[in-house]
Amino acid sequence: MPKRFFKLTDDVYLSGRWELGHPLDEAGRKLDDPWQFRIGQRATPEERIRIPIKISGKPLDYSHAAFSVPVVHARVASVFTDVAPDDVQIIPVELDSQPAQHFILNATRLVKCIDDAACEEVRYWTPEDGMPEKVGMYSSVSGMRIDTAKVEGAKVFRTRGWTVALIVSEEIKDALERAGITGVRFTDVTGPGAAAGS
């Protein structure tokens with residue numbers, strides 16, 4: 001049976017949920033480079049990171065801090081390290097007023113697998129956009145689909161050229177659902193040639 005993959009996002013539609021803020025250093029300053037946790041490679045934070053709770057509410061097992069940095073409860077971290085230990089980096093963080101251990105979930109693999117023809121719409125930066133360093137790169141990807149033949153065994157990864165997307169295998173999705181993890185939202189990104197009706 002063909003493998004299926006899903007974009008994993010923070011379920012922003014849960015009512016009464018908390019909202020996390022900008023990652024901070026030990027002195028309470030905003031991190032200069034929060035992007036390091038969503039570019040598909042190992043990060044090298046120099047000190048302990050603190051995540052403030054911007055809006056108090058129901059704590060979630062999986063949620064995004066500012067810049068869509070994934071922050072997870074220890075239960076979520078254990079699922080990822082059990083199923084895909086080579087694909088993730090688990091970085092301890094302090095979360096305001098939360099006794100439970102939390103982590104930044106950093107996907108350390110970057111895979112070139114977006115199937116442009118199967119996506120609803122893809123756009124690229126052009127010279128007319130006035131940002132020469134981005135010409136030829138994705139400026140938007142709607143209705144993402146990936147070519148699963150190019151995944152090469154990865155179970156958790158960012159998509160090259162559009163690293164905003166965090167992709168997980170069906171095995172990860174099933175494990176998170178079995179564990180009753182809160183805050184997760186899954187969107188099937190399996191290409192049309194791999195699974196009928198996806």
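**Cysteines, burial and packing**

Biologist: How far is the sulfur of Cys113 from the closest cysteine sulfur?

Modeller: The closest cysteine sulfur belongs to Cys119, and it is too far away for a bond. A disulfide here is a pair of cysteine sulfur atoms within 2.5 Å. The separation for Cys113 is 9.7 Å.

Biologist: What kind of model is this?

Modeller: Residues are numbered from 1 along each chain as its sequence is written, and side-chain values use heavy atoms, with hydrogens and water left out. Local features need pLDDT of at least 70, side-chain atom pairs count only at pLDDT 80 or more, totals for chains, interfaces and linings use all residues, and the model is predicted.

Biologist: How many disulfides does a search of the whole structure find?

Modeller: A disulfide is a covalent bond between the sulfur atoms of two cysteines. Cys119 is in none, with its nearest cysteine sulfur, that of Cys113, 9.7 Å away. For the whole structure the search gives zero.

Biologist: Is Cys113 buried or exposed?

Modeller: A residue is buried under 20% relative accessible area, exposed over 50% and partly exposed in between, using a 1.4 Å probe and protein chains only. Cys119, at 8%, counts as buried. Cys113 has a relative accessibility of 1%, so it counts as buried.

Biologist: What radius of gyration does the chain have?

Modeller: The radius of gyration is taken over C-alpha atoms, and the globule rule is 2.2 Å times the number of residues to the power 0.38. For 198 residues, a compact globule would be near 16 Å, and the value for the chain agrees with that. Along its principal axes the C-alpha trace spans about 45 × 45 × 35 Å. The chain's radius of gyration is 17 Å.

Biologist: How many helices and strands does the chain have?

Modeller: Helices (H or I, at least four residues) and strands (E, at least two) are DSSP runs, numbered from the N terminus. Of the 198 residues that make up the chain, 44% count as buried. The secondary structure comes to two helices and 14 strands.

Biologist: Which residues does UniProt list for "domain: Immunity MXAN-0049 protein"?

Modeller: UniProt positions follow the numbering used here, feature names are shortened, and annotations may be inferred rather than shown by experiment. The unreviewed UniProt entry lists residues 56-189.

Biologist: Within what arc do the buried residues of H2 fall?

Modeller: The buried residues of H2, which covers residues 170-178, are Ile172, Lys173, Ala175 and Leu176. The arc is that of the directions from the helix axis to the C-beta atoms. These residues line one face of the helix, because seen down the axis they fall within an arc of 165°.

Biologist: Which helix do the buried residues of H2 pack against?

Modeller: Contact means heavy atoms within 4.5 Å. The packing partners of these residues include strands S1 (5-10), S12 (156-159), S13 (162-169) and S14 (184-188). The helix among the partners is H1 (74-83).

Biologist: What arc do the buried residues of H1 cover?

Modeller: In H1, Val76, Ala77, Val79, Phe80 and Val83 are buried. They sit on the same side of H1, because around the axis they cover an arc of only 155°.

Biologist: What is the phi of Phe67?

Modeller: Most residues other than glycine have a negative phi. Phe67 lies in the loop between strand S5 (62-65) and strand S6 (69-73), and Ser68 in that loop has a positive phi near 55°. For Phe67, phi is also positive, near 65°.

Biologist: Which residues does Ser169 contact, leaving aside its neighbours within four places in sequence?

Modeller: Ser169 is in strand S13. With 7% relative accessibility, Ser169 counts as buried. Its contacts are Arg4, Phe5 and Lys155.

Biologist: How far apart are the C-alpha atoms of Pro92 and Phe103?

Modeller: Pro92 is in strand S7 (residues 88-95) and is partly exposed at 36% relative accessibility. Beyond its neighbours within four places in sequence, Pro92 contacts Arg48, Gln101, His102 and Phe103. Pro92 and Phe103 are eleven residues apart along the chain, and their C-alpha atoms are separated by 4.4 Å.
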